[in-house]
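Trainee: I'd like to go through this model with you, one question at a time. Could you show it first?

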Amino acid sequence: MITTCRICKSSIKQFMSFGDMPIANGFKADKSNKDEFFYDMAVGFCNDCKMFQLLDHPEPEAMFNDSYAFFSGTSQAMTSHFRGFYESVVSKYKLDAAESFIVEIGCNDGILLDNFSQAGFKHLGVEPSGNVADVAIAKGIECTKSFFDTNLVSDLLNKGIKADLIVSANVICHIPDLNDLAQNVASLLKEDGVFVFEEPYLGAMIEKISYDQIYDEHIYIFSAISLQTAFARQGLRLIDTEKQTTHGGSMRYHFCLDESERVPAGQVSEVIAAEKEQGLDNAGTYDKFRENCETSKYQLRTLLEKLKDEGASVCGYGATSKSTTVLNYCGIGLDLIAFISDTTPIKQGKYTPGTNIPVVEPDVFYESNPDYAVLFAWNHEKEIMDKEEKLGKSSVKWIRFVPLVEII
Ligand code: SAH
Ligand code: TYD
């Protein structure tokens with residue numbers, strides 16, 4: 001457990017703990033907790049550099065390996081989102097397939113990088129989880145099965161590779177040594193190169209009380225203030241921010257080298273002013289957030305217990321990483337939720353980390369037609385509702401817990 005901030009080394013204190021937590025994507029072949037790894041999921045906020053961070057986490061190799069359970073391509077909506085990401089950066093930075101070299105940190109199954117690859121850009125995906133990297137490679141994407149670290153960047157520099165664009169999505173908050181990451185990005189960028197990435201947004205999490213964004217992989221939940229401060233220390237300058245609706249509220253950040261002549265867009269100062277207005281730079285905001293999490297936990301448990309007393313059948317929908325936090329923090333097990341339906345083959349037939357709820361394929365969900373489903377994949381609500389309405393195979397009533405616990 002750290003006692004000093006990972007970024008600026010000031011002393012940092014815990015403002016809350018979500019209790020003993022297993023690996024969020026650690027779906028298990030059997031129900032036993034015998035060999036399961038648990039850590040104390042405590043969180044802190046650095047009063048000096050304003051970084052929101054986990055105080056402890058499992059080793060990256062325990063989370064990102066050849067049996068990684070998250071495949072980006074399971075959502076159609078995310079596939080189109082990443083198409084839009086590609087089109088927007090290519091046009092904004094006038095990238096040319098014949099000239100520009102693109103690096104993606106954490107390309108997973110290639111959901112974003114495939115767009116560059118198809119358009120003929122020279123590119124490299126960096127992806128430590130071998131099984132998802134294999135899917136990218138099978139699509140014809142150049143991908144190295146590695147963590148993005150100093151060794152890899154030295155290798156690339158030795159080969160004479162420098163990047164016009166480094167992209168990433170939902171990965172940078174997974175990297176414990178952020179100072180090192182920023183230094184490596186700065187060395188790999190061409191003089192006028194840009195680093196564009198998006199991450200779950202602290203402002204959205206505080207507003208929606210979506211505490212389930214906090215889990216082992218998300219070592220940080222960023223704000224523009226905290227990232228601008230952290231990366232400025234390593235010679236990177238924030239030049240643009242774009243709010244995104246994905247993953248329940250994300251922010252896309254654009255950085256360039258300090259010495260670049262690029263001029264920051266007006267919305268950078270607007271976003272930073274809005275963050276101050278929201279109190280994201282103020283420790284008191286996180287005390288209030290802790291109270292809100294406790295209320296949300298109480299309300300979700302109370303609702304599920306009431307439904308159980310009434311004899312209703314309840315399942316979960318979407319065995320998300322986020323659901324590991326909700327289930328373990330709220331103490332929800334098989335007594336309250338019979339199974340979780342999920343479309344990802346590698347999760348089906350397994351049990352949820354810590355709470356041992358079976359993950360089943362959607363057919364089981366349709367056949368048993370439960371009375372209620374807790375929408376753990378709430379960030380895909382529209383895609384899921386549209387799909388289920390079109391299929392018409394279930395008459396389930398949905399339970400939402402973000403931003404408020406309610407039956408939809
Ligand atoms: N970019 C995809 C995947 C996000 S999941 C999307 O937005 O859907 C996070 C991914 O980051 C995983 O595939 C994981 O293996 C990868 N990852 C984690 N740490 C990494 C690191 N240090 N360098 C590169 N990739 C990393
Ligand atoms: P997601 O919310 O993207 O990720 P995280 O693990 O980061 O919290 O995960 C969505 C999960 O929901 C994934 O396991 C696939 C599943 N899912 C379905 O079962 N049905 C669907 O229609 C969709 C869109 C997702």
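Trainee: How far is a nitrogen atom of ligand 1 from a polar backbone atom of G106?

Mentor: Keep in mind that this is a predicted model. A polar contact needs a pair of N or O atoms within 3.5 Å. Ligand 1 brings a nitrogen atom, G106 brings a polar backbone atom, and the distance between them is 3.1 Å.

Trainee: Which residue has an N or O atom in its side chain 2.5 Å from an oxygen atom of ligand 1?

Mentor: Look at the side chains that reach an oxygen atom of this ligand. For S129, a polar side-chain atom sits 2.8 Å from an oxygen atom of ligand 1. The 2.5 Å distance belongs to the side chain of E127.

Trainee: And how much of ligand 1 does the protein bury?

Mentor: Start from the ligand taken alone, which exposes 580 Å². Around ligand 1 there are 20 residues, with S72, A169 and N170 among the closest. By class, that shell has 12 nonpolar, 6 polar and 2 charged residues. Of the area that ligand 1 exposes alone, the protein buries 96%.

Trainee: Moving on to ligand 2, which residue has a polar side-chain atom 2.6 Å from one of its oxygen atoms?

Mentor: Ligand 2 also has 20 residues around it, and the closest include S321, K322 and K347. Y215 has a polar side-chain atom 3.4 Å from an oxygen atom of ligand 2, and for T344 the distance is 3.3 Å. The 2.6 Å distance is that of D342.

Trainee: What share of ligand 2 is buried by the protein?

Mentor: Do it as before, with the ligand taken alone as the reference. On its own, ligand 2 exposes 570 Å², and the share that the protein buries is 96%.

Trainee: Now the domains: how much area do domain 1 and domain 2 bury between them?

Mentor: The assignment puts domain 1 at 72-262 and domain 2 at 285-407. Their contact takes 19 residues from domain 1 and 22 residues from domain 2. Carbon and sulfur atoms account for 67% of the buried area, and the total is about 1800 Å².

Trainee: Which residues of domain 1 lose the most area to domain 2?

Mentor: Together they make up 40% of what the domain 1 side buries. The names are I209, Y211 and D212.

Trainee: How many salt bridges does the rule find across that interface?

Mentor: There are polar contacts between domain 1 and domain 2, in 5 residue pairs. A salt bridge asks for a Lys or Arg side-chain nitrogen within 4 Å of an Asp or Glu carboxyl oxygen. Across the interface of domain 1 and domain 2, the number of salt bridges found is 0.

Definitions and conventions
Residues numbered from 1 in each chain as written. Chains lettered and ligands numbered in written order. Predicted model: local features only at pLDDT ≥ 70, side-chain atom pairs only at ≥ 80, totals over all residues. Heavy atoms only, no water. Near = heavy atom within 4 Å. Polar contact = N/O pair within 3.5 Å; in protein donor to acceptor, adjacent residues only side chain to side chain. Areas by Shrake-Rupley, 256 points an atom, 1.4 Å probe, with all protein chains shown as cover. Nonpolar A, V, L, I, M, F, W, Y, C, P; charged D, E, K, R; others polar. Domains from an automatic or database assignment. Contact = heavy atoms within 4.5 Å. Buried area = accessible area lost by both parts, 1.4 Å probe.
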